[in-house]
There are 2 protein chains.
Amino acid sequence: MASDLEETLAFQPRFDANGLIPAIVTDAGDGTVLMFAFMNAEALRLSQKTGLAHFWSRSRQSLWKKGETSGETLRIVEILTDCDQDVLQVKVAPQGRGLACHTGRRSCFYRRVDGGTLSLF
Amino acid sequence: MASDLEETLAFQPRFDANGLIPAIVTDAGDGTVLMFAFMNAEALRLSQKTGLAHFWSRSRQSLWKKGETSGETLRIVEILTDCDQDVLQVKVAPQGRGLACHTGRRSCFYRRVDGGTLSLF
């Protein structure tokens, strides 16, 4: 039942029909949302075991250690889950140059929506 | 192409196969992640038009004006999109009592994961 999931202190992550759970990655220092990705059970297990963020790449259909090639790894400071345990928030300390976005920016969220257009900030 | 999506200043939100886009809702004041939900095109349109957060409820399969029954509406301060425009970050000023989570808490993310158990904070 949903109410059990909300109040339990047992971690029971709910993966979707594709075996994935959304992960909101924030900077543990100032709370900035850095990126958003999905984890499968193995990515979550490796994230917890190694302390470095791992995800599941839907486009490549493969396990993905964030920063494995770029050096922009993300050290996990803590993981939160939401009321019904179907979303994770991963608070991280960015390593490397601190550029979590593959475009070379600190955060993937670098554009503001103004109606039908975007502006950089 | 992905690179176009990353640098364009045209807003081209990419909805998934179910017509949905993830929305990370943060407090515009201090950046706290308050909740996570999905929008379809109509929810996004209404959010932009009214300035109040609307979502698509997957469990109820219906459009959902956040706070319509509880009074806990979310006034949108700004909307960001990510590099490949398939995720939104919605910065809000919570109205009502400021309890965005349906459990009566400020945020849905009120438990920390410690291995296989959770702790409240």
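**Salt bridges, inside and between chains**

A: K91(A) is partly exposed, with a relative accessibility of 23%; here buried is under 20% relative accessible area, exposed is over 50%, and partly exposed is in between (1.4 Å probe, protein chains only). This is a predicted model, where local features need pLDDT of at least 70 and side-chain atom pairs count only at pLDDT 80 or more, while totals for chains, interfaces and linings use all residues. Residues are numbered from 1 along each chain as its sequence is written, chains are lettered from A and ligands numbered from 1 in the order written, and side-chain values use heavy atoms, with hydrogens and water left out.

The partner of K91(A) is E78(A), and the two side chains form a salt bridge at 3.5 Å, N to O (a side-chain nitrogen of Lys or Arg within 4 Å of a carboxyl oxygen of Asp or Glu). K91(A) belongs to strand β6 (residues 88-94) of chain A and E78(A) to strand β5 (residues 74-81) of chain A, so the pair ties together parts 13 residues apart in sequence. Elements are DSSP runs numbered from the N terminus: helices are H or I with at least four residues, strands E with at least two. E78(A) itself counts as buried, at 18% relative accessibility.

Over to chain B. D84(B) and R14(B) make a salt bridge whose closest N and O atoms are 3.9 Å apart. The loop between β5 and β6 of chain B holds D84(B), and the loop between α1 and β1 of chain B holds R14(B), so this pair ties together parts 70 residues apart in sequence. R14(B) is partly exposed, at 36% relative accessible area.

R97(B) and E72(B) pair up too, with closest N and O atoms 2.9 Å apart. R97(B) sits in the loop between β6 and β7 of chain B and E72(B) in the loop between β4 (62-65) and β5 of chain B, which puts them 25 residues apart. The two ends contrast in exposure: R97(B) is exposed at 64% relative accessible area, whereas E72(B) is buried at 3%. Some bridges share partners, and D27(A), D30(A) and R106(A) are joined into one network that way. The count over all chains comes to 16 salt bridges.

Now the interface. Four salt bridges run between chain B and chain A. R105(A) is in a salt bridge with E7(B), with closest N and O atoms 3.0 Å apart. On the side of chain B that touches chain A, the elements giving two or more residues include α1 (2-7), β1 (21-27) and β7 (111-114) of chain B. That side divides into 21 nonpolar, 13 polar and nine charged residues (Ala, Val, Leu, Ile, Met, Phe, Trp, Tyr, Cys and Pro are nonpolar, Asp, Glu, Lys and Arg charged, the others, Gly among them, polar).

Each chain puts 43 residues into the contact, where contact means heavy atoms within 4.5 Å. Together the chains bury about 3600 Å², 59% of it on carbon and sulfur atoms; buried area is the accessible area (1.4 Å probe) that two parts lose on being put together, summed over both. In chain B, L9(B), F109(B) and R111(B) lose the most area to chain A, together 18% of what that side buries.
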